[in-house]
Amino acid sequence: MCLGIPGRVVDCPDGADLGKVEVAGVVRDINVSLVDGPLVPGEYVLIHSGFALERMSPERAADALAFFGAEL
């Protein structure tokens with residue numbers, strides 16, 4: 001089992017392997033090459049070890065963040 005956390009996409013140039021994703025108020029470069037299609041600012045992704053693994057709905061991201069005691 002691994003721990004993944006939701007992050008909100010801030011910027012992700014089309015075709016780039018790295019995108020800027022905000023997690024708990026901190027913006028980091030995350031490898032987005034494992035997610036199909038372009039990511040749009042405002043979307044949520046599940047992050048593990050610096051890699052975006054999948055898209056998340058805002059509701060699912062909110063549920064996951066609530067588990068950690070955080071909010072969107």
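Follow the chain from the N terminus and the elements go β-β-β-β-β-α. The radius of gyration, taken over C-alpha atoms, is 11 Å, close to the 11 Å from the globule rule for 72 residues, so the chain is as compact as a globular protein of that length. That rule is 2.2 Å times the number of residues to the power 0.38.

A word on what you're looking at: this is a predicted model, where local features need pLDDT of at least 70, side-chain atom pairs count only at pLDDT 80 or more, and totals for chains, interfaces and linings use all residues. Residues are numbered from 1 along each chain as its sequence is written, and side-chain values use heavy atoms, with hydrogens and water left out.

Next, select Glu22, which sits in strand E2 (residues 18-23). Is Glu22 buried or exposed? Glu22 is buried, with a relative accessible area of 19%; buried means under 20%, exposed over 50%, and partly exposed in between (1.4 Å probe, protein chains only).

Now show the neighbours of Glu22. Leaving out residues up to four places away in sequence, Glu22 touches Gly7, Arg8, Val10 and Val27, a contact being heavy atoms within 4.5 Å.

Methods. Helix = DSSP H or I, 4+ residues; strand = E, 2+ residues; numbered from the N terminus.
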